[in-house]
Amino acid sequence: MMKFKLLLIFLLYASMVAAQNVTLSGHLKDASNGEALIGATLYVEELKQGTATNAYGFYSLTIPEGNYTLQISFIGYETVKQKINATTSQTISVALNESSEQLQEVIVKAEAANANVERVEMGIATLPIKTIQKLPAFMGEVDIIKTIQLLPGIQSGGEASSGLYVRGGGPDENLMLLDEAPVYNASHLMGFFSVFNSNAIKDIQVYKSGIPAQYGGKGSSVIDIRQKDGNSQRFGFDAGIGNLSSRLTVEGPIIKDKWSFIVAGRRTYYDILGKAAGLEELEDNRLYFYDLNGKSNLIINDKNRIYLSGYMGDDMFELGESMYMRWGNSTATARWNHIFGDKLFMNLSAIYSNYDYNLGIPGENADNFDWSSRIRDYNGKLDFTFFLNPRNTIKFGGNLIHHHFRPGKIETNGDNSMFSDLEIAWYNAMESAFYVSNEQTISDRFSIQYGLRLSHFQQVGKGELNIYENPDQLDKNEIIETIIYEKGDKIGDAVIHLEPRLSMKYTLGSSSSVKASYNRMVQNLHLITNTQSPTPLDVWLPTSTYIKPLIVDQVSMGYFRNFSNNMWETSVEVYYKNMQNVLDYREGAELFLNNAIETELLHGSGESKGLEMLLKKSKGKLTGWIAYTLAKTTREIDGINDGNPYPSSYDRTHDFALVSTYQLNKQWNFAANFVYATGNPTSYPVAKYTMQGNQIYEYSARNSNRIPEYHRLDISATFDFRKNAKRRLKQSLNFSLYNVYGRRNAYSITPQASETNKNQTEFVQLSIIGAPIPSVTYNLKF
């Protein structure tokens, strides 16, 4: 009886306390176009408490009843102060206007001025689109991925590559999301450009460590890219005409303040201009890529919103009747936001993603064939954010994905082809996950974010499974049986993992903090390639009976300090990554259309450790950053290098980037990038033999040599027309010079017999770009 009375008293007290609190909630947006402001802050001056908006511009803050002054702010926008009488819970949505100070002072941030110090997460970067668009661009085409490569801890896969090496991880270990849909190949034109059209993008967040529990499926990083919602206030367009391509973006309201849309397109026209100019080599050829982005945003009421978005893009390379190659991505996302009460935010998503390619020789000659490959996902996702109180924000949810893999299929036209029709066995898999996390403020100085993710992966039919005579030493000549599985059958055992996540922040003062984090990431999708960076013709395969999941444990620590009223940001981070079940390939591995590809793969362990430093200036006429990374990445795999550790193909000892922009006046802006990186690991021959007139090389230990170091300088100038300030139609010209001093950076170095003396060996350096490349782009916006 006494226990019952105590419980009753406790519940009565809890209800009285709850009755004394009220909750403020709503959306914060840009007044000029209605776009949600991600990371905008609402602060209660009297309580010295506040909160920030989520990815959809929504906030919720619970405070005691009373009279307060709200301060609503976002960097680059005018701060709004509003008096409220908080006697009941209420919805307060505010539209912010861009600050007039932007005319006199350049500010390059898309978050709170001291967010790098105050947020719990470390190893995170937010890139403003306005900054990216001012940097030098190859052939005048602004590239998000190329800008990400200028951040510490993130290295390029080399010239003509959109691949990323993040803290020693491979190019397949990055979860690239476009409105929550995964993008499996982010490259155009064999890696010179990425698929992300900057005119259609609103927000970019990059996570290298302390990755929140809602993300999973890849081992090294998350690149979360959000498209614009569309201008809900008025119609407008944004266009650009450059050397290589043109782009057009149209957006506007369908119903003002309620329903908006945006459509963005981009296409190269080298083939069109070449034919118009009478270039014979382009007469029967095609060489182009295109992108098409679309999104619609419907506000049903204060509690419900619907978003529909999609992307499709293709590359086409066709040499008359000689050969053709095409590859492309397509994604679609449907999302429903619902707010339960004023504290529980829900997002329900249905997601589709597809990547496929074709390679072949057309016609009916003896060499005709068509080779195709595909990976396709269907994904259902449910996420909740519960704003419990000012000190606790709880996130939980789950998702279910069906993966379909078609590694390779060859079809021929007619009966006289030298090739035979062939199809590699399909793979199918079901992947699911559940997560829960809490960001908790323990005290004014100490905050913590902790979470747990439960992942489940099961290969299912339709599919095939080879049974080997010796399962521990796979040999394609020792297949004793191939089991056929029908649709829905389970193949092998499920792979289940717990993935803990932890981030901590201790504030030393108003301008400095120390942080630490730990995360485990499990990856069940694997890129099968023997090149340094991803190509359009690579194959994706799932974790299976013979392919183990990649498991990555990472610990990192960092010190963050701002100076001069947050004008200067500095950070130093150190990290250590332990990797289990990393994949590598036997010497001379055959990866092309191999029905027993598991026999070419080897598993082992790896580790990566490094130091990252960043100095960034965010305000004033001169802005930019300096990034430096010192790192080492090794692998240890039985069957390679006699089982001894060797440098990973993604090992870069030094990586340096200098990025700067200078706003001379209202019309002229200048920018420059300089990058330097240690050369990629490789193996050179140490001996050679001649057999029947052919030279056979014996190579050194795996990755015991390096190609020459990489460095490059790019510059640009942007001229804004004088009449821009007085007109809705704004025009600008961008002049860029890529590779200013014409550096011939090595893409690869290969040995071959000398043409003058077959007994001598010479090394041939392949350079993708060896000269300065100028470009001019005309931009207009209405």
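Which residue's side chain does D655 meet in a salt bridge? Select D655 and R652 and you'll see: their side chains meet at 4.0 Å, N to O. A salt bridge here is a side-chain nitrogen of Lys or Arg within 4 Å of a carboxyl oxygen of Asp or Glu. Both D655 and R652 are buried; buried means under 20% relative accessible area, exposed over 50%, and partly exposed in between (1.4 Å probe, protein chains only).

A quick word before we go on. You're looking at a predicted model, where local features need pLDDT of at least 70, side-chain atom pairs count only at pLDDT 80 or more, and totals for chains, interfaces and linings use all residues. Residues are numbered from 1 along each chain as its sequence is written, and side-chain values use heavy atoms, with hydrogens and water left out.

**Stop 1**

By the same rule, the count comes to 29 salt bridges.

**Stop 1: two more pairs**

Jump to K409 and E411. Their side chains form a salt bridge at 3.6 Å, N to O. K409 counts as partly exposed because its relative accessibility is 21%, and E411 is partly exposed too, at 39%.

Next, pick K609 and E607, whose side chains meet in a salt bridge at 3.8 Å, N to O. Buried or exposed, or in between: where does K609 fall? K609 is partly exposed, with a relative accessible area of 39%, and E607 is partly exposed with 26%.

**Stop 2: the whole chain**

Zoom out and switch to cartoon view. The protein chain has 5 helices and 51 strands; these are DSSP runs numbered from the N terminus, with helices being H or I of at least four residues and strands E of at least two. The radius of gyration is 28 Å, close to the 28 Å from the globule rule for 782 residues, so the chain is as compact as a globular protein of that length. That radius is taken over C-alpha atoms, and the rule is 2.2 Å times the number of residues to the power 0.38.

Buried residues make up 55% of the 782 residues.

Last, show contacts (heavy atoms within 4.5 Å). Of the contacts with a separation of 6 or more, 64% come from residues 24 or more positions apart.
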